[in-house]
Amino acid sequence: METQRHEIGMIGLGVMGRNLLLNMADHGFPVAGYDNDPSKVEALQKESAGSKIHGVANITDFIRLLRSPRAVMMLVPAGPPVDSVIGDLMPLLEKGDLIIDAGNSYFKDTNARARNLAAKGIQFLGVGVSGGEEGARHGPSIMPGGPEEAYERVRPLLEAVAAKVDGDPCVAYLGPGSAGHFVKTVHNGIEYALMQLLAETYDLMKRGLGLSDDQLRDVYDTWNQGELNGYLVEITTRIFSQVDEKTGRRLIDEILDVGKQNGTGMWTSQSAMELQVPAPTIDLAVAMRDMSVLEKQRETAGEIFKQPIPPIACDRRIFIDQLGHALYAAMIMAYTQGMAVLAAASDKYEYHLDLERVARIWRGGCIIRAALLEDIRMAYRNQPGLPNLLLAPELSKKVMANQRDLRRVVCVAIELGLPAPCFMTALGYFDGYRSAWLPANLIQAQRDYFGAHSYERIDVKGTFHTDWTKS
Ligand code: 6PG
């Protein structure tokens, strides 16, 4: 057995772990992989024939393969499996070794694990990896957080395997503790919002305009050539062409309308609520996945509230243009809300995030990569302390140029009775944020009326209470 030769070891040889390991080997790094499922080790051996990968199904043998101080990365499902792997590793590791959790872990779990491991002299990095199967194999976006010196140890490896945009690797140190996992969670929250917005455009064009799958493909393809360019738009184009092997029909029409989830979108919304940052488009994207799961109830309610959907009463081409513009404005709202959550989390959890850097490493490799991220990066470069992306001059011009169409699309969805809650909340967020006056004075008055919670006044500082029932 070749001992102590391998630069890094990977625990968890599922699709993501295996592909990331193959990617590392492609870049010349001697690596070892471990999984307690021998069939996964076998699959790795088969795929890695002739490369610098060593796969084993015994964790003690696996640890022996690694150069000391060791670096072990794990890509296992979030939650208890992460703790179970750490438990298995503890008797085998020594002070100064490094564990990297590259899964979609909840940031508070990452904080607890980092604390426990630090007490035992083990370094811990919480690293977000985005890009799915393909990204892991050929270049993901990587979001590392934890002690900077631990990141420095694996920086050359991570830079080598990450996606590149104009030669710039889509990885950078983000901050201490759970910074990396928090950024990845918000990435996924934005991902949920973009996916739901695209689903709403699909509904408006399918049920509203009666477009065929071929026509839908062409619309998304056209959109992907312009300012809406991005990975999710691109794969949507491809999805509409895919033929079902079983029926010979388009696969999209054979798929159940139930959106599953692993929890990261929900964590983004929960965190936004905890931080008191409005992120309604992300919230509704999570809610609509939950709604989609209620398929039986939706069927019953569909019978009770049956109502034919009238065709959209305007030129098809004009509406599709308006829809594209509305999508662009709504996408800006989704990124804006996610970035605002990051800004607040950075202050509260002392991540010291550089939001330009976050936008930079999201430009390639990850699921939410899009042309728009270059504009977002520039906005933070020009104004590093920007409190909200809607205040960036270039982006605000783009929003203004498209907001009328966003409004129009929301009106059409309302008139037709088609559910478009992410478009609606994107518009609601915009209208709320740009409103120098909001009717929250009434809320203050109501709270004081029924609960004596007091209110603040415009003319004098301090808190006041009125006996509203007197006189
Ligand atoms: C990525 C993806 C990836 C995964 C999500 C899907 O960035 O590569 O976000 O992490 O596909 O976990 O999330 P849901 O299962 O919750 O949709």
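**Close-up 1. Gln276, in the loop between helix H11 and H12.** In this predicted model, Gln276 is found in the loop that runs between helix H11 (264–275) and H12. Take a look at its backbone: phi of Gln276 is near 55°, a positive value in a residue other than glycine. Is Gln276 buried or exposed? With 71% relative accessibility, Gln276 counts as exposed, because the cut-off for that word is over 50%.

**Close-up 2. Asp166, in a loop between two strands.** Here the loop sits between strand E8 (164–165) and strand E9 (168–169), and Asp166 is in it. Asp166 isn't a glycine, yet it has a positive phi of about 50°. What is the relative accessible area of Asp166? The value is 79%, so Asp166 is exposed.

**Close-up 3. Thr281, a buried residue of helix H12.** Helix H12 covers residues 280–293, and Thr281 is part of it. Thr281 has a relative accessible area of 0%, so it goes down as buried; the cut-off for that label is under 20%. Which backbone atom does the side chain of Thr281 reach? Follow the side chain and you get to the backbone nitrogen of Ala426, at 3.4 Å.

Close-up 4. Ser48 lies in the loop between helix H2 (38–47) and strand E3 (53–56). With a relative accessible area of 4%, Ser48 is buried. Its side chain reaches back to the backbone oxygen of Leu44, at 2.8 Å.

**Close-up 5. The cis peptide bond between Ser68 and Pro69.** Zoom in on the link between these two residues: a cis peptide bond joins Ser68 and Pro69. Omega here is about -10°. Where does Pro69 lie? You'll find Pro69 in the loop between helix H3 (59–64) and strand E4 (71–74).

**Close-up 6. Helix H1, largely enclosed by the rest of the structure.** H1 is made of twelve residues, 15–26. From its first C-alpha to its last, the helix reaches 16 Å, close to the 16 Å expected at 1.5 Å a residue. Why is H1 described as largely enclosed? Nine of its twelve residues are buried, so the rest of the structure largely encloses it. The buried residues are Gly17, Arg18, Asn19, Leu20, Leu21, Leu22, Asn23, Met24 and Ala25. Here's a handy thing to know when you look at a helix: an α-helix has 3.6 residues a turn, so residues three or four places apart point the same way. After H1 comes Gly28, whose phi is positive, near 90°.

Close-up 7. Asn23 belongs to helix H1. Its relative accessible area is 1%, so Asn23 is buried. Now jump to Lys120, 97 residues away from Asn23 along the chain. The C-alpha atoms of the two residues are separated by 31 Å.

Close-up 8. Ala313 has a relative accessible area of 77%, so it's exposed. How many residues separate Ala313 and Ala272 in sequence? They are 41 residues apart, and in space their C-alpha atoms are 38 Å apart.

Close-up 9. Count the neighbours and you get 14 residues around the ligand, with Ser130, Glu191, Tyr192, Asn262 and Arg289 as the closest. This shell splits into two nonpolar, nine polar and three charged residues. Which helix gives the largest share of the shell? That's helix H8 (residues 179–208), with five residues. Domain 1 (8–177) and domain 2 (184–433) both contribute to the shell, so the ligand lies between them.

Close-up 10. With Gly132 it's the backbone: one of its N or O atoms lies 3.1 Å from a ligand oxygen. How much of the ligand does the protein cover? On its own the ligand has 410 Å² of accessible area, and the protein covers 78% of that.

Definitions and conventions: Residues numbered from 1 in each chain as written. Predicted model: local features only at pLDDT ≥ 70, side-chain atom pairs only at ≥ 80, totals over all residues. Heavy atoms only, no water. Helix = DSSP H or I, 4+ residues; strand = E, 2+ residues; numbered from the N terminus. Expected span 1.5 Å × (residues − 1). Buried < 20%, exposed > 50% of the residue type's maximum accessible area, 1.4 Å probe, protein only. Near = heavy atom within 4 Å. Polar contact = N/O pair within 3.5 Å; in protein donor to acceptor, adjacent residues only side chain to side chain. Areas by Shrake-Rupley, 256 points an atom, 1.4 Å probe, with all protein chains shown as cover. Nonpolar A, V, L, I, M, F, W, Y, C, P; charged D, E, K, R; others polar. Domains from an automatic or database assignment.
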